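Let's take a walk through this protein together. Have the sequence and the 3D view open, and follow along from one spot to the next.

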Amino acid sequence: MSIDDRPTLAAPDDDPYLWLEQIEGDRALAFVAAQNQRTLAAYGDAGFERDRNTLAAIFDRPDNIPFVSRRGGLLYNQWKDAVHPRGLWRRTTMDEFRKAEPQWEVLLDLDRLAADEGEDWALNWVSSLPPTHERAMLALSRGGSDAVVLREFDLVTKRFVDGGFTLTEAKGSVDWLDADTLLLASAFGEGMATPSGYARTVRRWRRGQPVGGAEMIFAAEGSQSTWVHVGIDRSVTPERVWFTEGLDFFNHHLWLGDASSARTRLDLPTDCWMTADGDWMAVKLRTPWTVGEVTHPADVVLGIGLSAFVAGARDVVRLFEPGPRRALQGLYWADGRLVLSILDELRPQFEVWTPATGGWGCTKLPGLPEIATVDVWRLDHDEAESNGDLLANVQDPLTPSALQLIEGFGAPNVLKQAPRTFTAEGFVVTRHEAISVDGARIPYTQTGPAKVTGDAPVYMSAYGGFGHSIRPAYNAALGKLWLERGGTLVEANIRGGGEFGTAWHDAGRFAGKRLAHDDFAAVAADLVRRGVTVPKRIAAQGGSNGGILITNMLVRYPERFGALFCTIPLIDMRRYTRLLAGASWIAEYGDPDKDEDWGWLQTYSAYHMAKPGQAYPPILIATTRRDDRVHPGHARKMTAKLQAMGYDTYFYEPTAGGHGYGTDNRERATFITLGTRFLARHVGLEMG
């Protein structure tokens, strides 16, 4: 009897599982229900319940750090715990926040709101009106999806505004022009969405006006543009408005204007990052840029006066110089100074640049460790309100987060310390390098017992896409469920990430995505070479773009792994551009409708590469129904095909979660515990 192995590389469009792309289709939901029941019956035992409850209790701890952002002098926080699983939106003062147990003023109880309205609400983001921040637009998400319902909220009365601004569910953003006017970038309405499902226009929406009557003041010029965005810049008076048209994921046109229109398109490379404050701007290049007779290389940061640049001046100052393993990670303004976040051989550094007509001055933020994972960001939500206060989060795989306050760009002081949630005694953190198929050095961080046994149960993970950098952090869940039970954790810095700049990202982009997967397989082989473990005891997990990675380990390197956990994944590279936000990622992967691009895409489209009769390791594929970024059809279809060919494949899809593991702490704990216990059982980690 022949085995149905469709779709195949020879017939990529002969797909018998298209019905699973119908997110709410009756047949598709019956498939999901049966799969969930099967998976929970196999792995949802008493041990699962115990571990899930343990993790939920860790996530719900009252002494976890309440991360904050300052608006109008007050500190705002979204908080979730066992009593408030959907969360509280609340605020306090800095003096109160410094206390061990601060008193909070609750603005909105999401659990009460959800119960009153019969909705699965989560609070995605907030846009408030400076300088008093007495009015805000709240972005309410159903089940954690990117699409949101917008509703106006009064922070004085702590109530939604009767007859205030409201907008039906759609993807987009909003910014306040004044108390009665919003600038709206939303996909809501006929013709208002790009092919990727994001906003195509910016509308000026006045109070009392139906959104359909709002004046369009900006629109994407390209039919294939991915999105538009608008932001009001109050670092100057009168305020200016920035309009951005995303041409693809990495390229955009940037326009300077006001509330009536975009007036001047900046003569900048479309793939640069630009940030402005007052009359200064900084530009981070992605590719070389020739200015006059000088060509500036990729990844440098240039500074210049904004008005001078618009007037035609090009006397830029070079602020940051990259190196082979020295790369900028981010840049932003605080109190008129430019803060650069840098990784140098994966060590964090932070520079503060002060612009001046006679030249830019540079200092370094003092008192931050080099051997740790350190993030630094502006305390104030709005650039124009910044007094220079910064927050820092310092951690490593065995040391929980410390939230530190940096006042006046000086030495940091600890505000809050996260609790230790697992026993770290006897473990060490070490850094190593594997050699990939083309000789490239691939760094990875290993956390586990100091003594090598040769058969350690290893939990590997990586991402390798979109220039996103991976850095080792304190993982309360895996520390508790994996390390404490004798396991080892490994995080790999494969190509496609941003750890070493544009060249490192580009090497793992387009056809290079396959090379990024080779990097991960090389790390697995290096663990065996070093005597850490054996292949059958290596488990691997990856999500989103990392879902391509994990399914490629399944079909290309099955002999190197004992089990795989594939989460909220992208998998089907033939149809990904037709599913939800997929078209916005063509700049990372390529266009499957072009023969040349499909030539490389098919080399890592595991959905088409999977074939019967192979020694594939067991795999759990998990997604969420409310993920409106990466379509759940990817996970569903891959599961159906693998099962049709007789492979040991399990599937899990909760209703809520968005492009994540859950909207509340118990949902997150369930998702993580299920995957961790699946991997542990198959690689022989004793879970109890």
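Is Asp 154 buried or exposed? Keep in mind as you look that this is a predicted model. Asp 154 turns out to be buried, since its relative accessible area is 14%, and under 20% is what counts as buried. Its charged side chain has a partner, though: Asp 154 forms a salt bridge with Arg 135, with 3.5 Å between the closest N and O atoms. The two sit in distant parts of the chain, 19 residues apart, with Asp 154 in strand β7 (residues 148-154) and Arg 135 in strand β6 (residues 135-142). Arg 135 itself is partly exposed, at a relative accessible area of 25%.

Stay in strand β7 for a moment and find Glu 152. With a relative accessible area of 1%, Glu 152 is buried. Its side chain makes a polar contact with the side chain of Arg 207, at 2.8 Å. Leaving aside residues up to four places away in sequence, Glu 152 also touches a set of neighbours that includes Arg 135, Met 137, Phe 160, Phe 165 and Trp 176. Notice Arg 135 turning up again here.

How many does a search of the whole structure find? The count is 57. One of them joins Glu 321 to Arg 318, whose closest N and O atoms are 3.2 Å apart. Glu 321 is partly exposed, at 40% relative accessibility, and Arg 318 is partly exposed too, at 30%.

Now compare that with Asp 519 and Arg 495, which form a salt bridge with their closest N and O atoms 2.7 Å apart. Asp 519 belongs to helix α8 (residues 513-529), while Arg 495 is in the loop between β35 (488-492) and α7 (502-507), so this pair ties together parts that lie 24 residues apart in sequence. Both Asp 519 and Arg 495 are buried. Elsewhere, salt bridges join up into a network, linking Asp 45, Arg 50, Asp 51, Arg 485, Arg 677 and Arg 681.

Next, look at helix α1, which covers residues 26-43. Its 18 residues reach 26 Å from the first C-alpha to the last, close to the 26 Å expected at 1.5 Å a residue. Which residues of α1 are buried? They are Ala 28, Phe 31, Val 32, Gln 35, Asn 36, Thr 39 and Tyr 43. Seen down the helix axis, the buried residues of α1 fall within an arc of 130 degrees, so they line one face. The spacing makes sense because an α-helix has 3.6 residues a turn, so residues three or four places apart point the same way. On the face turned away from the buried side, you'll find the exposed residues Asp 26, Arg 27, Gln 37 and Ala 41. Covering the buried residues of α1 are elements including α2 (46-59), α13 (633-644) and α14 (665-683).

Finally, head for the largest nonpolar core, which has 55 residues. Met 460, Phe 520, Phe 561, Met 638 and Leu 642 touch the most other members. Helix α8 gives the most to this core, with 7 residues. Phe 520 has contacts that include Met 460, Ile 494, Leu 549, Met 553 and Phe 561. There is also a second, separate core of 36 residues, with Ala 424, Ala 539, Ala 680 and Met 687 among them.

Notes
Residues numbered from 1 in each chain as written. Predicted model: local features only at pLDDT ≥ 70, side-chain atom pairs only at ≥ 80, totals over all residues. Heavy atoms only, no water. Salt bridge = Lys/Arg side-chain N within 4 Å of Asp/Glu carboxyl O. Helix = DSSP H or I, 4+ residues; strand = E, 2+ residues; numbered from the N terminus. Buried < 20%, exposed > 50% of the residue type's maximum accessible area, 1.4 Å probe, protein only. Expected span 1.5 Å × (residues − 1). Arc of directions from axis to C-beta. Contact = heavy atoms within 4.5 Å. Polar contact = N/O pair within 3.5 Å; in protein donor to acceptor, adjacent residues only side chain to side chain. Core = buried A, V, L, I, M, F, W, Y, C linked by side-chain atoms within 4.5 Å.
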